[in-house]
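Trainee: Before we settle on any wording, could we go through the labels given to this model and ask what each one rests on?

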Amino acid sequence: METPNRKPRIVTDVPGPRAQEVIARDARFTSPSYTRDYPIVAASGKGCWLTDEDGNEFLDFTAGIAVCSTGHCHPKVVEAIQAQASRLLHMSGTDFWYAPMANLAERLAATTAWGVDDTRVFFTNSGTESVEAAFKLARFATGRKRMIAFQGAFHGRTFGSLSLTGSKISQLRGFTPLVPGVQHVPYGYCYRCAYNLKYPSCALHCVTTLDDSLFASTCPPDEVAAIIVEPIQGEGGYVIPPPGYLEALRELTRRHGILLIVDEVQSGFGRTGKMWAYEHTDAVPDMITSAKGIASGMPLGALLTRKDLMNWPPGSHATTFGGNPVSCAAALATLDLLQDGGLIENAATVGEHLIGRLRDVQQRHPCIGDVRGQGLMAAIELIDAPSSADRAPVPSAAPPLARELFPGRNAERRDRIVHAAFSKGLLLLGCGRNAIRFCPPLVVSKGEVDTALDILSECLDETA
């Protein structure tokens, strides 16, 4: 339960002395490839609140990067984990059977548009493994080799999913050559349209150009196995495509016999106010990749597909730890809380309040160029110029994809705001090149949203 009027409580310098010891030890022994946004050293958590090693209490609007869907250490999830751990920790669903894995597969199958009897599930440990499985299955099921993904997309860091990722150069540098046959195209990012067009007069040019240009010149459509798309781009900036976008992609893929994979690793499991983000549209995909919020913090992912697609034979794809019984127990408890405990409805209701409050803040702070979101997956985009809604003048001779269409992206201020919020006890994360995301646990209350946005407003004032 939320403590009424609870506020962050900072009792030491952050990081405090105990946190500094952990950070120093980490620096000596762990890989430098980990990205750390600011020095929070988590010790315990409850609901939307996190306590660090020195007793500082933070309001968490990151949920462990959208993973702790039911909040930190929800008692029903903890109870399910403890009960399963006392019975069976591991037996490898690759070679044996156990009830939690079959039970969870059935529950997940019932969430899809294909229906419980026409869905198959492959369990993984993470989002990138779910995408790898989808990549492999798309090739296997179609006999085709090419894939289409989107600029700004993040699908993971293993070689197949990294080949589909189009988020940051730092994720790619030094790892080429990647899996061949992947083509990246602009996403439906209306605020910074790659084609300098306006919706709806654009007639979804970002989709129709695949037929008119890509398929007509450099990428034979009959060689494309699948298009993989995030219904809402995650790491790319919490970008929501325009109405009709997914439906247009679905129509295009059907026409060419191409599979449509929706990557719901960050947007799924109730975060947008529906079980899956694609449910906000009329598009029905062929595959769904999932992870993050699926098990409230336990390592688990899943690939869900139409029954007729998942026809690969035994041994063609498998995993030792995917579908671990303890993780499956946590996922079953998570589903109970989402579907029967009202957390999906809470995400919709409190998410509407969050986005409304962000728009109020935008009115007072012209450095916020855009507010966007669905449910508890929301973001603000920081800009340099107050005339954020107007495109900057562009020489008519400049090629469309080579010009900056809007006022400057203010990544430096974004980072200062995130760090200022941390110093005041609010945990936030950036996304894209200049956006701040808001992805609190789905148990968040309107009061906690108000507390977070009061802090955000202070930080915006202080960094002006």
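**Labels and their grounds**

Mentor: Isoleucine 228 touches Val131, Ile148, Ala149, Phe150, His155, Leu164, Ile261 and Asp263, leaving aside residues up to four places away in sequence. Bear in mind that this is a predicted model.

Trainee: Why is isoleucine 228 called buried?

Mentor: Its relative accessibility is 1%, and buried means under 20%, so isoleucine 228 counts as buried. The residue is found in strand β7, which covers residues 224–229.

Trainee: What makes α10 roughly parallel to α12?

Mentor: The axes of helix α10 (residues 343–364) and helix α12 (residues 446–462) come within 10 Å and cross at roughly 20°. Angles under 35 degrees count as roughly parallel, and therefore α10 is described as roughly parallel to α12. The crossing is right-handed, and the residues of this contact divide into 8 nonpolar, 3 polar and 5 charged.

Trainee: Why are β1 and β13 said to stand at the edges of their sheet?

Mentor: The sheet is open, with 4 strands in the order β1-β2-β3-β13 and mixed pairing. β1 (42–46) and β13 (426–427) each have a single partner strand, so one side of each is left without a neighbour in the sheet.

Methods: Residues are numbered from 1 along each chain as its sequence is written. This is a predicted model: local features need pLDDT of at least 70, side-chain atom pairs count only at pLDDT 80 or more; totals for chains, interfaces and linings use all residues. Side-chain values use heavy atoms; hydrogens and water are left out. Helices (H or I, at least four residues) and strands (E, at least two) are DSSP runs, numbered from the N terminus. Buried means under 20% relative accessible area, exposed over 50%, partly exposed in between (1.4 Å probe, protein chains only). Contact means heavy atoms within 4.5 Å. Axes are lines fitted to C-alpha atoms, for helices over the stretch in contact, and angles run from 0 to 180 degrees between N-to-C directions. Angles under 35 degrees count as roughly parallel, over 145 as roughly antiparallel, 65 to 115 as roughly perpendicular and the rest as oblique. A crossing is left-handed if the near helix is turned anticlockwise from the far one by less than a right angle, and right-handed if clockwise. Ala, Val, Leu, Ile, Met, Phe, Trp, Tyr, Cys and Pro count as nonpolar, Asp, Glu, Lys and Arg as charged, and the others, Gly among them, as polar. Two strands pair if DSSP finds at least two bridges between them.
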